[in-house]
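Dear colleague,

Please find below the structure I wished to hand over to you.

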Amino acid sequence: MKQIGIGLAGFGTVGAGVFKHLVQNRDLLSQRLGLELAVRRIAVRDPRKPRAVSAPAENFTARWEDVVDDPAVQIVVELMGGIEQARALIVRAIEAGKMVVTGNKALLAEHGKEIFDLAAARQVPVFFEAAVAGGIPIIKAVRESFIGNHIVSVHGIINGTTNYILTRMTDAGLDYAAALAEAQAQGFAEADPTLDVNGWDAAHKAIILASLAYGTWICPGNVFVEGIEHLTARDIGFAKTLGYRIKLLGIIKCDAGGRIEVRVHPTLIPEKHVLASVNGVFNALCVRGDVVGETLFYGRGAGQDPTASAVIADLAEAATALDVKRRDCGFMPHGLYGESKPLDEIVCEYYLRIPVLDKPGVLSQVAGVLGATNIGISSMIQPESDGERTELVLMLHIATHAQVRDAMARITALGCVKGQPQLLRVEHFEG
Ligand code: HSE
């Protein structure tokens, strides 16, 4: 049977998982593909380090260049992470005419245009299923299964660490720090979970999905990103009382004028919506297309096996595409959609919790600011006061980010406001 030479750059959790499953499912893959996927070279920092998954010692090298330059390697798998070396490796592989498989979301979100311009110029496909939502085949779905659709919207829980933290805050009443510590102890959160909790891991994935959906690379500066670090058990509790769950949601939409909106933030979603019951480390995405209507994807967004499954799917596609000239090199740019929507013009509904003095006239001062900034109140609750202080919890009608920023500045400056107000966004999935 014809063999296809694979080079792995990176043999950490995912790289080792890819190797392990290529070996375990070798017969199945060979029967399905009519080809054998043979790992010929593996680049790691320290080739002599003992490893949980063993591979032939002669395959290992400490130089990633050896993987790309090896004439026996036809497909290069980049699983090193980081930006600069990974970028150099991918550019070198494309220039050598070798197809690339990568799971590097940060690299694609920041340098996707450059990489895919080069891929198109050299007619060398780059595959990246593992970059978004691990084992969920969302890239293939958006790129291929929905090729006949305008994508109306994508709503996704695309970070497992934060979903675990929010689930524990909701179900066990933990505060943020305790839930994060638990996620780390369970091995779900990285030792440095910064990119997870500040929203940027999800934002990188949202940028890739939005770019694919709308045929133009979205600039990270045009994405509204807010993390979960400031969430309190109190907000989770009020949201529950009001009939909502709080999820870190990636939201991708296009307005009637073709302007693209991408945002990632903690979001109140109705408790009856299917995404409200996606818990723990699971990811899920609702994709709405103008032809297909609403679709739902659910699965594990991280971890050795789910991510290896995505990489192997890309390897299979790359191997079968080796002798075929492809028009689509992984990303097809087109000019059918417009610019990114300015962040100030993004419109949504809001939850606002304001710590206030318990004195006559306080509610009217707050309502006065909202009225003056043309923001309507949809509902309000106020827990019983301790005699001195209380909180106003307001659900607000739609308003632009600019309107709300103005209102927040004025509310925070009121003498009756004692502490930092909490503003969260609400999503009702209308489109
Ligand atoms: N750290 C991510 C998560 C997986 O928790 O979902 C890699 O993007």
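In this predicted model, the centres of domain 2 and domain 3, taken over C-alpha atoms, are 25 Å apart. Domain 2 covers residues 138-301 and domain 3 covers 346-426, while domain 1 is made up of 3-127 + 305-321.

As to the interface itself, 18 residues of domain 2 are in contact with 17 residues of domain 3. Between them, domain 2 and domain 3 bury an area of about 1500 Å², and carbon and sulfur atoms account for 65% of it. On the side of domain 2, the residues that lose the most area to domain 3 are Phe-238, Leu-242 and Leu-268, which together give 35% of what that side buries.

Glu-226 forms a salt bridge with Arg-425, in which the closest N and O atoms lie 3.4 Å apart.

Regarding secondary structure, the side of domain 2 that touches domain 3 draws at least two residues from each of helix H11 (233-241), strand S9 (244-254) and strand S10 (260-270). The largest share of that side, 6 residues, is supplied by S10. Sorted by class, the side of domain 2 that touches domain 3 comprises 8 nonpolar, 5 polar and 5 charged residues.

With kind regards

Notes. Residues are numbered from 1 along each chain as its sequence is written. This is a predicted model: local features need pLDDT of at least 70, side-chain atom pairs count only at pLDDT 80 or more; totals for chains, interfaces and linings use all residues. Side-chain values use heavy atoms; hydrogens and water are left out. Domain bounds come from an automatic or database domain assignment. Contact means heavy atoms within 4.5 Å. Buried area is the accessible area (1.4 Å probe) that two parts lose on being put together, summed over both. A salt bridge is a side-chain nitrogen of Lys or Arg within 4 Å of a carboxyl oxygen of Asp or Glu. Helices (H or I, at least four residues) and strands (E, at least two) are DSSP runs, numbered from the N terminus. Ala, Val, Leu, Ile, Met, Phe, Trp, Tyr, Cys and Pro count as nonpolar, Asp, Glu, Lys and Arg as charged, and the others, Gly among them, as polar.
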